[in-house]
Amino acid sequence: MIEVMRNAFRVEDLRKKLLFTLLMIVVFRIGTHVPVPGINTDIIKELSGGQLLGFFDVISGGAFKNFSIFAMSITPYVNASIILQLLTVVIPKLEEMNKDADGRKKIASITRYLTVVLAFVQAVGISMGFQTAYLSYTWYNVVIVSVSLTAGTAFLMWMGEQINDNGIGNGISILIFAGIVSRLPFGLIHIYEYVALDLTRIFVALIMAVVAILMVAAVVMLNEGQRRVPVQYAKRVVGRKVYGGQNTHIPLRVNQAGVIPIIFAMTMLMFPGQIASWFPNSPTWSGISNFFDPNKIWYQAAYALLIVFFTFFYSAITLNVIQIADDLKKYGGFIPGLRPGRPTSDHLAKISQRITMAGAIFLALIATIPTLLMRFTSLQLALGSTSLLIVVGVVLDSVKSLESQLMMRNYQGFLK
């Protein structure tokens, strides 16, 4: 890997792309410490102790607790992208636009505008929700804070697109990755302090390290796992030329939904508890907070079931087996032993359901194991299940992106 990195830095354009990506990460980390004017960050740190806001703080790399201009991170852009992706399946016009390059550019433009709208709505909600954190709560200061947070998200969106054009990997994913990884040293220091103060045994810490390594390997297997359905194309004779006749495959991913099911399930279960934490003196909300306690077994069971449900739901939306079967029929492709059209789509749907079930169960285990380990060992893991899936996915995608560019220059890549 060191040799490959050395070869990459020898190529001028790759060196510029790598340095540009690192520069954007540095700018992002500097921005997480630029505070929004008129806010007492100490009060924000107390109010953001809930799980849902704590999750936002992890994604933003600590920018939420600092209440910096990047406090909302790139979350509104991710939400806008998911909304447009779901609407593409429902609205025929968007589906038609998504089939050609010009249409995809229009959808990207709509996503940017929707991001700004969602960011402003979220910023207004946050600004009005943290009234006690203002040095002077006035409508003018609310507008200043809302505009600052919205501008920070828009700037991050611009940075992500600049990384896409001039850097390595997916820009939005790189920024989320940088925010999550920035917390890793603090997590390791926390574990070291526990061992040094004899609050836990070093044997337990070593077991946690082994489990963490095994979980990384499991996440890699989950992300890279796929079922390859063989496809053949019939030969066509046009004049003196013969077209088609080659053999290929359709790669059906085990984890088609990615990290989205975990985020949806986590948000649904954490939201009531987060609202209850804002009313500590209310008996009703205190009962709700105790009911949605993550340390309870039923909570983890519900968490796992919601992950399985959202995995099937999102996979069914993103994988259109009818469209795949129609495309195969259109271009003369077929699965050996099956007729084109309905039999092909039924066969793909059956395979998809099987591998999605395996992926959903695997995803639920990966999501619940860290919480169970922290419950029995009292140690805080440096990376949770969601963070681990994001980090491993971004690293794999970035490695593949760099490898493909190295292979074009006849260098040996990372993956054998």
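Me: Let's start with phenylalanine 70. Buried or exposed?
Reply: Keep in mind that this is a predicted model. Phenylalanine 70 has 2% relative accessibility, so it counts as buried.

Me: And phenylalanine 28, buried or exposed?
Reply: Phenylalanine 28 is at 1% relative accessibility, so that one counts as buried.

Me: How many aromatic pairs are there?
Reply: A search of the whole structure turns up 7. One of them joins phenylalanine 28 and phenylalanine 70: the ring centres are 6.0 Å apart and the planes sit at 15°, so the pair is stacked.

Me: Which parts does that pair tie together?
Reply: Phenylalanine 28 is in helix H2 (residues 12-31), while phenylalanine 70 is in the loop between helix H5 (63-66) and helix H6 (75-90), so parts 42 residues apart in sequence are tied together.

Me: Which residues are in the ring cluster?
Reply: Phe28, Phe70, Phe155 and Trp158 are linked by ring pairs.

Me: What else does phenylalanine 28 touch?
Reply: Leaving out residues up to four places away in sequence, its contacts include Ser60, Leu156, Met159 and Leu175. Phe28 is also among the residues with the most contacts inside the largest nonpolar core, which has 46 residues.

Me: Which helices supply that core?
Reply: Several give at least two residues each, including H2, helix H9 (139-166) and helix H18 (385-407).

Me: Switching topic: what about phenylalanine 309 and phenylalanine 310?
Reply: Their ring centres are 5.2 Å apart with the planes at 65°, so that pair is edge-to-face. Phenylalanine 309 counts as partly exposed at 48% relative accessibility, whereas phenylalanine 310 is buried at 11%.

Note on methods. Residues numbered from 1 in each chain as written. Predicted model: local features only at pLDDT ≥ 70, side-chain atom pairs only at ≥ 80, totals over all residues. Heavy atoms only, no water. Phe/Tyr/Trp six-rings, centres within 6.5 Å; stacked < 30°, edge-to-face > 60°. Helix = DSSP H or I, 4+ residues; strand = E, 2+ residues; numbered from the N terminus. Buried < 20%, exposed > 50% of the residue type's maximum accessible area, 1.4 Å probe, protein only. Core = buried A, V, L, I, M, F, W, Y, C linked by side-chain atoms within 4.5 Å. Contact = heavy atoms within 4.5 Å.
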